[in-house]
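Colleague: I would like a close look at a single helix. Please keep it brisk and give the cut-offs as you go.

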Amino acid sequence: MSGTPERLEEVRAEIEQAAAKSGRNVEEIELIAVSKAHNAEKIREAMAAKQLLFGESKVQEARSKIPLLPSHLRWHFIGHLQKNKVRHALPLFELIHSIDSVDLAKQVERIGKEDGLFPRVLLQVNVAGETSKFGFKPEALIESMEQLLEFQRLSIEGLMTIAPLATDAEKSRPHFARLQLLRGELEQRFHLKLPHLSMGMSDDFAVAIEEGATFVRIGTRIFGPR
Ligand SMILES: *Cc1c(COP(=O)(O)O)cnc(C)c1O
């Protein structure tokens, strides 16, 4: 079986292929190595293969792991963020991908103000309307946008989605396309820029890149099963 560095190289090559196929500049696409449920040693293996950006989905786990690792690593939070964990999360993560309610945004704004931070965030969208998933429904996000834009501390930089579990990556395509359309609609209606689209995981990242992803979040393909 190949190790983490080899798998990282494979994934990077596939990212380049997908970018080339869709006529995109590969530099617009950043790979987040999703290290949740993997230990610091695994992360060091990826680091040795020049991976510096990692994704975690639990604040507790991140709080114990991040201090064990060099401080030049960068961390993104990709899981559901509980309001009582916001204060711990903000100083650890350069980007929160998962603002999934106005209430959570309000809490991030409040803690940001108290702690002197300007949190960078993405808004999580439940494009397929699955009851099991967190995130704004597209219509609800359009309705909430004005309120979200009033927060002075939040830097809203784009949208994130998780496609429904599927056996075929092509099944994810319409959901990714929908997120890109929604981004365009929000930019027009509210006169703003939302440069980032966080979409695509181990099984469907190539399709996500073809549909405009700027962040792909890949765990299993890099680190193996959790
Ligand atoms: C776990 C996770 C990933 C990575 O999933 P893989 O299938 O292992 O690549 C990506 N995004 C989110 C939000 C996750 O929770």
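Which residues of H6 are buried?

Modeller: First, the ground rules. This is a predicted model, where local features need pLDDT of at least 70, side-chain atom pairs count only at pLDDT 80 or more, and totals for chains, interfaces and linings use all residues. Residues are numbered from 1 along each chain as its sequence is written, and side-chain values use heavy atoms, without hydrogens or water.

H6 spans residues 138–149. Helices (H or I, at least four residues) and strands (E, at least two) are DSSP runs, numbered from the N terminus. The buried set in H6 is Pro138, Leu141, Ile142, Ser144, Met145 and Leu148. Buried means under 20% relative accessible area, exposed over 50%, and partly exposed in between (1.4 Å probe, protein chains only).

Now the length. H6 has twelve residues and runs 16 Å from first C-alpha to last. That is close to the expected 16 Å at 1.5 Å a residue; the expected span is 1.5 Å times one less than the number of residues.

What covers the buried residues? The cover includes H5, strand E5 (120–124), strand E6 (155–160) and helix H7 (173–190).

Take H5, residues 102–115. Its axis lies 11 Å from that of H6, at an angle of about 10°. Axes are lines fitted to C-alpha atoms, for helices over the stretch in contact, and angles run from 0 to 180 degrees between N-to-C directions. H5 and H6 are therefore roughly parallel.

Val102, Ala105 and Lys106 of H5 meet Ser144, Gln147 and Leu148 of H6. Contact means heavy atoms within 4.5 Å. By class, this contact of H5 with H6 has three nonpolar, two polar and one charged residues. Ala, Val, Leu, Ile, Met, Phe, Trp, Tyr, Cys and Pro count as nonpolar; Asp, Glu, Lys and Arg as charged; the others, Gly among them, as polar. Ser144 and Leu148 are also in the buried set.

For reference, look at H2, residues 40–48. Ala40, Ile43 and Ala46 are buried there. They cover an arc of only 115° around the axis, which puts them on the same side of H2. The arc is that of the directions from the helix axis to the C-beta atoms. Glu41 and Ala48, on the other side of H2, are exposed.

Key. Parallel < 35°, antiparallel > 145°, perpendicular 65-115°, else oblique.
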